[in-house]
Amino acid sequence: MRYPETPDGRYFVVRGRLWRLSNPVLSGDKRDALVKNLMAARRAVALSRRKGDGDGLADAREAVDRAKRALGERGPVWWSDGAPDLNRRLVRNTPYADWYASLESEQDGARDRTEPGDTPEV
């Protein structure tokens with residue numbers, strides 16, 4: 001599933017909330033390695049939870065945070081124009097509100113054009 005990305009490429013939107021995208025300047029190999037580390041850390045979080053291992057959980061969460069910071073999804077922003085970080089904010093409360101509302105209007109219009117029982121085009 002693809003989530004809408006803001007026109008400036010800084011965020012994607014899930015359930016009306018902005019989430020910072022990875023730094024686009026990262027090389028493909030570097031990004032792939034960091035994503036691999038992130039996924040391993042997330043698996044470690046799940047395993048630690050299942051085991052009830054509090055120390056392991058804390059370590060795994062730190063590993064997730066390190067990977068997300070290296071990807072540019074947390075920590076200092078990767079853009080240099082002075083725009084604030086709006087990560088995790090509701091899109092309706094940000095300068096992206098009109099852009100997002102226009103997306104929702106387009107989706108509503110597409111739904112209005114289908115008849116009951118129609119299969120949506122993919």
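Start with the largest pocket: its lining residues split into 11 nonpolar, three polar and nine charged. Keep in mind that this is a predicted model.

Leave that selection on and look at the space itself. The volume of the largest pocket comes to about 590 Å³. A total of 23 residues line the largest pocket, and the ones closest to its centre are Phe12, Arg20, Ser22, Lys68 and Glu73.

Next, colour by secondary structure. Which elements give two or more residues to the lining of the largest pocket? They are strand E2 (17-20), H1 and H2. H1 supplies the largest share of that lining, with five residues.

Now select residues 28-51 for helix H1 and residues 54-71 for helix H2. Their axes come within 8 Å and cross at roughly 160 degrees. An angle over 145 degrees counts as roughly antiparallel, so H1 and H2 are roughly antiparallel to each other. Where H1 passes H2, the crossing is left-handed.

Last stop: the contact between the two helices. On the H1 side, pick residues including Arg31, Leu34, Leu38, Ala41, Val45 and Arg49. On the H2 side, the residues they meet include Gly56, Leu57, Ala60, Val64, Ala67 and Leu71. Colour the whole H1–H2 contact by residue class and you get 13 nonpolar, three polar and five charged.

Technical notes
Residues numbered from 1 in each chain as written. Predicted model: local features only at pLDDT ≥ 70, side-chain atom pairs only at ≥ 80, totals over all residues. Heavy atoms only, no water. Axes fitted to C-alpha atoms, helices over the stretch in contact; angles between N-to-C directions. Helix = DSSP H or I, 4+ residues; strand = E, 2+ residues; numbered from the N terminus. Parallel < 35°, antiparallel > 145°, perpendicular 65-115°, else oblique. Left-handed = near helix turned anticlockwise from the far one by under 90°. Contact = heavy atoms within 4.5 Å. Nonpolar A, V, L, I, M, F, W, Y, C, P; charged D, E, K, R; others polar. 1 Å grid on protein atoms, 1.4 Å probe; cavity = no way out; pocket = protein on both sides within 12 Å on 5 of 7 lines; lining within 4 Å. Points joined across faces, edges and corners; volume = space filled by probe spheres on them.
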